[in-house]
Amino acid sequence: MRYVQIVFSPTGGTLKAAKAVTEEWCGSVETIDLTDPKKDFSEYSFDSGDIALIALPSYGGRVPALAAERLKKIKGGGAKCVLLCVYGNRAYEDTLVEMEDIAKECGFKASAAIAAVAEHSIVHKYAAGRPDAEDVKKLKELSKAALEKLQNANDDGGLKLAGNRPYKKTAGGGLVPKANQNCVKCGVCAKRCPAEAISAESVGTADPKKCISCMRCVAECPHNARSVSKVMVSAAALALKKSCSERKKCEFFV
């Protein structure tokens with residue numbers, strides 16, 4: 001039996017939540033990093049005795065298209081899995097049902113699902129520092145409950161998830177980070193971009209047709225040299241104020 005976490009986590013919040021779940025499973029958990037554009041994900045396959053965690057962020061209430069594209073190449077082989085949707089305290093809307101459909105298409109059997117909160121990747125004051133100690137404690141509790149379901153020989157895999165089919169329409173173009181005067185052209189942003197949207201020869205901005213507004217380049221720049229428009233961030237903060245101000249809790253579905 002293998003324990004594997006399949007994770008798309010450009011800025012680390014989804015990975016932190018995933019680790020809180022899988023640390024309760026066993027001492028050795030493999031990781032498949034869906035943000036790595038160099039990997040051939042069709043080479044990964046599972047069998048019915050394996051257990052997987054599929055952990056994805058919610059972008060505008062949907063699965064990020066790039067994450068979906070890469071996940072669909074993995075062969076589930078009848079392995080049971082837990083779905084973990086991580087969102088920035090606004091709403092995850094149709095993300096979990098879309099994750100369930102993708103998992104089924106891959107050949108996984110989704111037996112449990114969790115919705116968790118992480119710090120908003122653009123408007124950082126919302127859910128700042130989450131998942132925090134309270135979240136991690138709850139995720140560990142839910143992890144044990146999910147594992148019991150996974151190990152149940154009579155598990156029928158049926159889930160009743162929040163969300164709708166057909167899914168909501170994806171949002172339009174997002175915020176594209178640009179370099180400022182602190183940029184030394186070190187190329188870290190180009191190397192680490194999940195979408196390969198930044199050219200090593202021209203790191204000043206990203207290709208708006210490829211950029212998924214994940215904000216990894218902003219988070220990982222060693223010189224704090226990348227950012228998005230402060231005016232646009234302020235506008236987003238105002239638009240999200242009502243829906244993001246109340247602390248949302250982890251949710252569990254079996």
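The model is predicted, so local features require pLDDT of at least 70 and side-chain atom pairs pLDDT 80 or more, while totals for chains, interfaces and linings use all residues. Residues are numbered from 1 along each chain as its sequence is written, and side-chain values use heavy atoms, without hydrogens or water.

**Helix α3**

Select residues 95–106, which form helix α3; helices here are DSSP runs of H or I with at least four residues, strands are runs of E with at least two, and both are numbered from the N terminus. The end C-alpha atoms of α3 lie 16 Å apart, in agreement with the 16 Å that its 12 residues should span at 1.5 Å a residue; the expected span is 1.5 Å times one less than the number of residues.

Of these 12 residues, 9 are buried, so α3 is largely enclosed by the rest of the structure. Buried means under 20% relative accessible area, exposed over 50%, and partly exposed in between, with a 1.4 Å probe and protein chains only. Colour the buried set: Thr95, Leu96, Val97, Glu98, Met99, Glu100, Ile102, Ala103 and Cys106. Next display what covers them, including β3 (51–57), α2 (65–71), β4 (80–87), β5 (109–117) and β8 (251–253). Just after the helix, Gly107 takes a positive phi of about 100°.

**Glu98**

Centre on Glu98, which is buried, with a relative accessible area of 6%. Its side chain reaches the backbone nitrogen of Val63 at 3.0 Å. Leaving aside neighbours within four places in sequence, Glu98 is in contact (heavy atoms within 4.5 Å) with Arg62, Val63 and Tyr167.

**The nonpolar cores**

A nonpolar core is a set of buried Ala, Val, Leu, Ile, Met, Phe, Trp, Tyr and Cys residues joined through side-chain atoms within 4.5 Å. Select Ile6, Ile54, Leu83, Leu96 and Phe108, which touch the most other members of the largest core, a set of 46 residues. The largest share of this core, 6 residues, comes from α3.

A second, separate core of 23 residues includes Val7, Trp25, Val82 and Ala118.

Key
Polar contact = N/O pair within 3.5 Å; in protein donor to acceptor, adjacent residues only side chain to side chain.
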